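Hi,

I am passing along the structure we talked about, together with some notes on what turned up in it. Could you have a look at it below before reading on?

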Amino acid sequence: MAEAIFTDDEVKQKPVHWDPYNVTYFSNPYPVFRRLREESPVYHNEEFDFYALSHYDDCVSVLGNRDDFISSKGGVLEFMKQQASAPSGMFIYEDPPLHTIHRRLLSRIFTPKRMGALETEIRDFCAQALDPLVGGKEFDFIVHLGTEMPMRVIGMLLGIPEEHLKEAQRVVDDNMRTEPGQPLAESGKGMTGEAYADFVDARIKNPTDDLMSDLIRAEFEDANGVTRTLTRAEILTMVALLFGAGNETTNRLIGWTGKLLSEHPDQRRAIREDMSLIPDAIEEVLRYESPGPYIGRTAAREVEFHGVKVPANSIVLSLVASANRDEQKFVDGDTFNIHRARHPHLTFGYGFHNCLGNALARVEGRIALEEVLKRFPDWEVDMDRAEMSSTATVRGWETLPAHI
Ligand code: HEM
């Protein structure tokens with residue numbers, strides 16, 4: 001499916017309207033996001049009953065204020081509407097004290113140092129994916145690299161054997177996939193991590209030196225002041241969280257990198273000539289095409305933005321993909337430019353819940369680009385054959401073939 005591009009006039013014809021499930025907006029939400037910033041910075045969608053904030057500063061105010069904007073009622077629209085509750089340990093959907101306790105525990109194990117030490121393995125996974133394609137005419141950023149490498153990295157971190165990975169991935173994918181234009185049918189299923197149960201049980205019996213074993217052994221003080229280790233259910237939930245949070249998102253980052261550098265061959269050439277530009281290039285890809293378009297919170301009390309009152313208990317979506325292009329923060333926000341002096345995007349969130357895996361995602365993005373460039377110095381994506389994935393929560397490509 002080719003990406004839909006609208007002229008400003010076409011977008012301006014209707015009163016400003018943003019529906020996260022509308023396939024047209026989904027394929028290119030930026031003209032609508034620009035209008036939201038200009039015409040309706042506190043946008044209320046009556047059909048789905050949510051408020052959307054599109055300015056950078058407003059998103060920062062929400063995400064940095066966990067007293068007034070809580071996570072324990074979910075972060076994804078469907079989940080919030082179903083008023084489902086997440087199992088203990090799914091700390092992306094927890095507030096203090098549980099969030100603080102669970103995040104601190106995982107941070108002790110999931111350190112940037114540990115992530116940085118994975119370079120060699122990440123490079124090997126890239127080589128396994130890319131080497132067989134050298135000498136060919138085509139390669140697919142998603143099919144060959146994006147769906148393979150991040151999954152293997154998490155699998156290795158958690159010690160999930162290769163043969164279990166595909167099944168675990170299938171459960172996560174089934175959980176996220178929607179019919180085009182439709183909300184998720186039953187979000188929340190799959191959060192319990194049952195797909196990994198056999199294997200976690202085996203680790204509980206025979207711990208090794210991997211992250212999962214550290215998680216099993218780690219002692220912490222729980223919300224009742226009791227010092228203990230995690231329950232089996234909590235471990236399964238945290239594994240499900242890591243698998244769910246770190247796979248599809250990083251996969252989409254790899255896809256957007258392929259697409260944007262295909263569309264900007266001058267910037268690709270600059271990177272090839274000076275590979276030290278890669279970390280900046282990845283930051284710019286993250287800013288320009290955030291895999292997650294929004295981050296949801298619930299207002300704990302009535303709040304006010306730009307003179308508009310948002311009632312207590314409202315769903316408030318911070319449109320980080322819009323904030324990342326807010327002209328008040330980024331000069332020429334709609335221009336992809338790896339040479340920007342700073343890229344302080346909100347793609348990994350902001351504040352207390354900011355992405356715990358961001359160091360890992362950045363290493364994976366950097367190494368993926370290095371390894372692609374080493375083998376395929378030039379490429380052109382085939383947009384007529386590319387397909388977007390149909391999830392409203394993580395935006396990106398399902399297939400992205402490139403001529404090499
Ligand atoms: C490009 C890739 C990634 C993107 C765009 C991304 C994005 C995000 C965002 C926006 C949040 C904040 C959610 C909120 O505020 O409610 C988050 C949280 C989180 N991410 Fe990532 N993520 C990525 C990769 C990863 C990876 C590789 C891992 C680990 C393997 C990971 C693990 C987590 C965890 C555990 C949280 C929960 C943090 C908390 O609630 O305190 N993420 N991520």
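Let me start with Asn313, which is exposed at a relative accessible area of 53%; here buried means under 20% relative accessible area, exposed over 50%, and partly exposed in between, using a 1.4 Å probe and protein chains only. Before going further, please note that this is a predicted model, where local features need pLDDT of at least 70 and side-chain atom pairs count only at pLDDT 80 or more, while totals for chains, interfaces and linings use all residues. Residues are numbered from 1 along each chain as its sequence is written, and side-chain values use heavy atoms, with hydrogens and water left out.

Asn313 has a positive phi of about 75 degrees, although it is not a glycine. Its place is the loop between strand S9 (308–310) and strand S10 (315–318); helices (H or I, at least four residues) and strands (E, at least two) are DSSP runs, numbered from the N terminus. Asp49, another residue other than glycine, also has a positive phi, near 50 degrees. Asp49 sits in the loop between strand S1 (42–45) and strand S2 (50–53), and is partly exposed with a relative accessible area of 43%.

One more backbone detail for your checks: the peptide bond from Pro96 to Pro97 is cis, with omega near 5 degrees. Pro97 belongs to the loop between helix H5 (77–82) and H6.

**The ligand and its iron**

Which residue donates to the iron atom of the ligand? The only protein donor is Cys355, through SG at 2.3 Å. Donors are N, O and S atoms within 2.8 Å of the metal (3.2 Å for Na, K and Ca), and as water is not among the atoms, sites may look incomplete. Cys355 lies in the loop between helix H18 (320–323) and H19, and with a relative accessible area of 27% Cys355 is partly exposed.

There are 26 residues around the ligand, and His99, Arg103, Arg297, His353 and Cys355 come nearest; a residue counts as near if one of its heavy atoms lies within 4 Å. For His99, an N or O atom of the side chain is 2.7 Å from an oxygen atom of the ligand. Arg103 has a polar side-chain atom at 2.7 Å from a ligand oxygen, and for Arg297 the corresponding distance is 2.8 Å.

By class, the shell holds 15 nonpolar, nine polar and two charged residues. Nonpolar covers Ala, Val, Leu, Ile, Met, Phe, Trp, Tyr, Cys and Pro; charged covers Asp, Glu, Lys and Arg; the others, Gly among them, count as polar. Elements that each supply at least two shell residues are H6 (98–109), H14 (232–246), H15 (248–263), strand S7 (295–299) and H19 (358–375). H14 gives the largest share, four residues.

**Cysteines**

How many disulfides does the model have? The count is zero, where a disulfide is a pair of cysteine sulfur atoms within 2.5 Å. The cysteine sulfur closest to that of Cys59 is in Cys355, and because the two are 17 Å apart, they are too far for a bond. Cys59 is buried, at 0% relative accessibility.

**Buried spots elsewhere**

Helix H17 (278–288) is mostly covered, with nine of its eleven residues buried. Among them are Ile278, Glu283, Glu284, Arg287 and Tyr288. The buried residues of H17 pack against H3 (30–39), H15, H16 (265–273) and H19.

In H15 you will find Glu248, which is buried with a relative accessible area of 4%.

Glu148 is also buried, at 16%, in the loop between H9 (141–146) and H10 (149–158). The Glu148 side chain makes a polar contact with the side chain of Arg152 at 2.6 Å. A polar contact is a pair of N or O atoms within 3.5 Å; within protein, one must be able to donate a hydrogen and the other to accept it, and residues adjacent in sequence count only if both atoms are side-chain atoms. Beyond its neighbours within four places in sequence, Glu148 is in contact (heavy atoms within 4.5 Å) with Val143 and Lys166.

Best wishes
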